[in-house]
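Hi,

Here is the structure I promised to pass on. Have a look at it first, and then read my notes below.

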Amino acid sequence: MKWSWLFVNVAFMISLVLAYHRDVYKTCDESGFCKRNRYFAQKIKENREIFKSQYSLDPDTIQKDAKVAIVTGNIVKLLPDSSTRNFPVEISILKGNNIRLKVDEEYRSTPNLPIKSKLVTPKRYDETPKWAFKASGTELPYLEWSPNISVVEQNDRLVVKYGDDSQYKAELTYSPLRLTILCGDEVQLILNDQDFLNIEHFRSESENKDHLSDFEIDDNMFHDDFRDTKSDLLPLGPESVALDFTFNNFQHVYGIPEHADHLDLRDTTYESVPYRLFNVDIFEYEPETTMPMYGSIPFMVASKPGLSMGLFWINGADSFVDIDKTSDPKHTKTHWISENGVLDVMIFIGETPDEINKNYGLITGNVALPQLFSLGYHQCRWNYNDEQDVLEINSLFDKHQMPYDTLWLDIEYADAKKYFTWQPQKFPDPAAMLKELDHTGRNLVVIIDPHIKKGYFVSDEIINQKITIKDSSNQTYVGKCWPGESVWIDTHNPSSQAYWDLRHQKSVDNEFFGKLSTNIYLWNDMNEPSVFEGPETTTPKDNLHYGNWEHRSIHNTFGLSYHETTHKSLIKRLAGSERQRPFILTRSYFAGSQRTAAMWSGDNMAKWEYLQISIPMLLASNVAGMPFAGSDVGGFFDNPLPELLTRWYQTGIWYPFFRAHAHIDTKRREPWVPGDPYTSVIRKALQLRYALLPVLYSSFYQASQNGTPVIKPLFYENSENMDVYTIDDEFWLGNSGLLIKPITSEGQSSIDIYIPDTKKYYDYTSGIISKETVQLKRPGVYNKKVTLDDIPMLIRGGSILTQKNRPRRSSRLMKQDPYTIVVALDDNTHASGFLYVDDGESFGYEKGEYIEVYFSADEQGIHAVVTRGSDSFAESLQKVQIEKIVVLGYPKVVEQVLVSQDEETVGVFEIDGSNLVIRKPRLRINESWDINFSGAENIHDEL
Ligand code: NOJ
């Protein structure tokens, strides 16, 4: 029996790999709703002079809420047979300079609509915000009318003023129907600028031909002729929603992950496939394509000097985004097309991209502050075979003096891939294994996927409790995945939560998790959901979910609902322990996933081009509010040569989520496997990641508060320089002032680092202080010779970094370690920096158990101002010292260094060129302090 299952699994794996073709996935042309909308758009472009839109707003229907900034009205669609359909519209202003437009279809709420299936909810799906937003509809941060926020009705339009100083305006013209967003008097964005608005209204198959305008085709409206989706019932016929958005005087738009493409989104006019947002299992994806991938965030950021915008298309159905940068190169025109759902969109506006991220976070939430351990290094492969293997790998890290925090178990740990069981021969005593890992300060992550093998207690229970995904005839859907025949838990069903809690709870009755300690966390994979023989590798779109919603309506939010359900279960499981913050890695995700999970970019390959594309992919994720993101270090498929593996580690230390992973058919490749010089170089890279954990953790804190990306594209900091808008192989680490340019090509002996401004930069290659500085007269390239050892990085003058330089086994053992502070002075002898510290594991910080340290430096000295939420946490850091302060670029000779915290003492220092090193200043991190330089004299005449 076991052998036959093994055979089935291997056969599936082989067939999957062999079956990979681009043509498994629909192009726009093969996707009825996309083809129809592109056709419609093209026809309008070709017949601009004679085209008259069917849509207009009836001014008599406009109503203004008495208190809250909400205006409602009715859009009328005139059909070719002269009948009309109503589309109620709502425009609202929310906190964070954001305007929301929502349009529904009245007719879809008519009783007894003649639809093909009585099992399907006839209304347009409007529950995407339930998954994407951090608050429920009633708690949304709607603003009230005020002197700043007002609305005026004019003849042909409605003008809404908003923004802190009423600096933004939204003008809604009735016919032609447009929504124009202005900053001052300058037009920034026009909705429906090209009249591509299209809401395919409900019609029966027989009346269809009378309802089609001359600008439409009827491709695949009531059936689907694509090879894998022929059986799709399409019970509601055509129901797509589409709208165009012109970003005025913006040449660059970003975001809408996940795509294996460059950061600056490309023109798709001449491509057969627009960017597609449809969560699929796309193993061995191709770099530099617009193909769909595992996750979707329909959030786009447009940026230009002085102004940024965000466009959040709140729709979890299969969607395409066309980008036109060529018809008028001054502007970027975008066309958004979704298969169904209400039309729901939010437009953000602000001076900087950071502001857009902050305001987007007000709606969808920011990344959860992760446990510190999860920012350490994760060691994964498919698979570590048994307990002995796990513990041996664990001790080999110690033997090779390499820090790491977490070991991962892929699907083979479970008995016949029955999640919530352990393979009894290989894992006879998981509790003891976990204890041993815990003893060395380490954690375990195990995989639990949403497909549940048929015929054991978990699948029996979810079938009995009626919490499975159903097929179109309302029977439990059965498909194939790793365990063979499987059923899927429907995490869109609220009743799934209680069951999932039971499976994850810490109790003696829980055979799997019950006895285990709290150093075990989760990996939710295959949650697109992936179905081996399913259409486009996923479940049929006419499958049914809770509420009788078709899978079609909720597809891109399913992965989120799955990891969020796991998250809620882990919150309960960990509640009484010290380590309260859950850690979950998810493959499939949507807008809002940042609140509860980290993501990684799926099944890449051990090739240089995958290392290269990982950087723009993770930057796009950061731009789109999902900063806890990583790529498989080393490449999932195939065996990397040692140089590629080494360069991947040196790049991976900058991934916010840093994990090595490998396919079951690959050779072992733990960091010591390649041998020296590679192993030593990788060790140094790992140690650098750990030394910079305070910087990284502080960046995550800022991300969790303000939505700030953890790795930032150059245009975030240097928006005035038009050359930075296309750079995506170099980035900033949060707000730290560290500029990083990983080496991602074979045999590289020199590197061009782009310096985006005329500020002073200090060479900090591999985190080692050197005397080399760079300051260019105008932004441009700094060329540097490099060896295998080198990790190119610079510190921008004006920054202060905090590091922990003592090598340890894992982050948990670094808590009481002393800090080294690196002060990099700018041309005006100024610098500032920020450090955030808490216990790294509990929710105590929500009650004030944290400290924030604000550093500043000038010619006279260095200062640290500590704000502490609670005294008790600050006191727990009583022994945490600053062991060294290095001041880079100090322009004067110092005679004396006076250090004051509890009392004033004289500090020990040495001068090394223009660097000043203060050793053991006897300062604690938990309280404010000052250092004053006395006797300072100029040493550089020119200064
Ligand atoms: C697919 C995932 O992308 C991969 O990382 C994992 O190893 C396999 N599933 C097996 O679980």
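Predicted model: local features only at pLDDT ≥ 70, side-chain atom pairs only at ≥ 80, totals over all residues.

On the α11 side, the contact is made by W608, Y610, L611 and I615, and α12 brings E643, L644, R647, W648 and T651 to it. Sorted by class, that contact has six nonpolar residues, one polar and two charged.

The axes of helix α13 (residues 678-691) and helix α14 (residues 693-706) come within 5 Å and cross at roughly 50 degrees. These two are therefore oblique to each other. R689, Y690 and A691 of α13 meet L693, P694 and L696 of α14. Here the classes come out as five nonpolar, no polar and one charged.

Now, how far can you trust the coordinates? The mean pLDDT of the protein is 95, and 97% of its residues reach 70 or more. Strand β31 (residues 658-660) has the highest mean among the elements, at 99, while helix α1 (residues 2-19) has the lowest, at 44. Two stretches to keep an eye on: pLDDT stays under 50 over residues 10-19, where the model has eleven contacts beyond four places in sequence, and also over residues 939-943, where the model has seven such contacts.

On to the sheets. One of them is an open sheet of eight strands with antiparallel pairing, in the order β1-β2-β3-β4-β18-β15-β14-β12. Its edge strands are β1 (55-64) and β12 (253-255), each of which pairs on one side only. On average, and with direction ignored, neighbouring strands in this sheet are turned by 20 degrees against each other. Helix α5 (residues 353-364) packs on the sheet and touches β3, β4, β14, β15 and β18; the direction of α5 makes about 140 degrees with that of β18.

Is β15 mostly covered or mostly open? Mostly covered: seven of its seven residues are buried. In a regular strand, side chains alternate between the two faces of the sheet. In β15, L307, M309, L311 and W313 lie on one side, with S308, G310 and F312 on the other, and both sets are buried.

Which strands does β15 pair with? One is β14 (residues 299-304), antiparallel to β15 over six bridges, with A302 standing opposite M309. The two strands form a hairpin with two residues between them, and G306 in the turn has a positive phi of about 85 degrees. The other is β18 (residues 343-350), also antiparallel and joined to β15 by six bridges; there, S308 has G350 as its bridge partner.

Elsewhere in the sheet, strand β3 (residues 84-94) runs antiparallel to strand β4 (residues 98-103), with six bridges joining them. In that pair, L94 stands opposite N98.

There is also an open sheet of six strands, again with antiparallel pairing, in the order β32-β33-β34-β39-β36-β37. β32 (711-712) and β37 (773-774) stand at its edges with a single partner strand each, so one side of each is left without a neighbour in the sheet. Inside it, strand β33 (residues 731-733) and strand β34 (residues 738-740) pair in the antiparallel sense over two bridges, and W732 has L739 as its bridge partner.

Last, a single residue. T596 sits in the loop between β28 (584-586) and β29 (598-600). Why does T596 count as buried? Because its relative accessibility is 12%, and the cut-off for buried is under 20%. Leaving out residues up to four places away in sequence, T596 touches H563, E564, H567 and I584.

Terms used. Residues numbered from 1 in each chain as written. Heavy atoms only, no water. Buried < 20%, exposed > 50% of the residue type's maximum accessible area, 1.4 Å probe, protein only. Helix = DSSP H or I, 4+ residues; strand = E, 2+ residues; numbered from the N terminus. Pairing = 2+ DSSP bridges. Contact = heavy atoms within 4.5 Å. Nonpolar A, V, L, I, M, F, W, Y, C, P; charged D, E, K, R; others polar. Axes fitted to C-alpha atoms, helices over the stretch in contact; angles between N-to-C directions. Parallel < 35°, antiparallel > 145°, perpendicular 65-115°, else oblique. pLDDT = per-residue confidence, 0-100.
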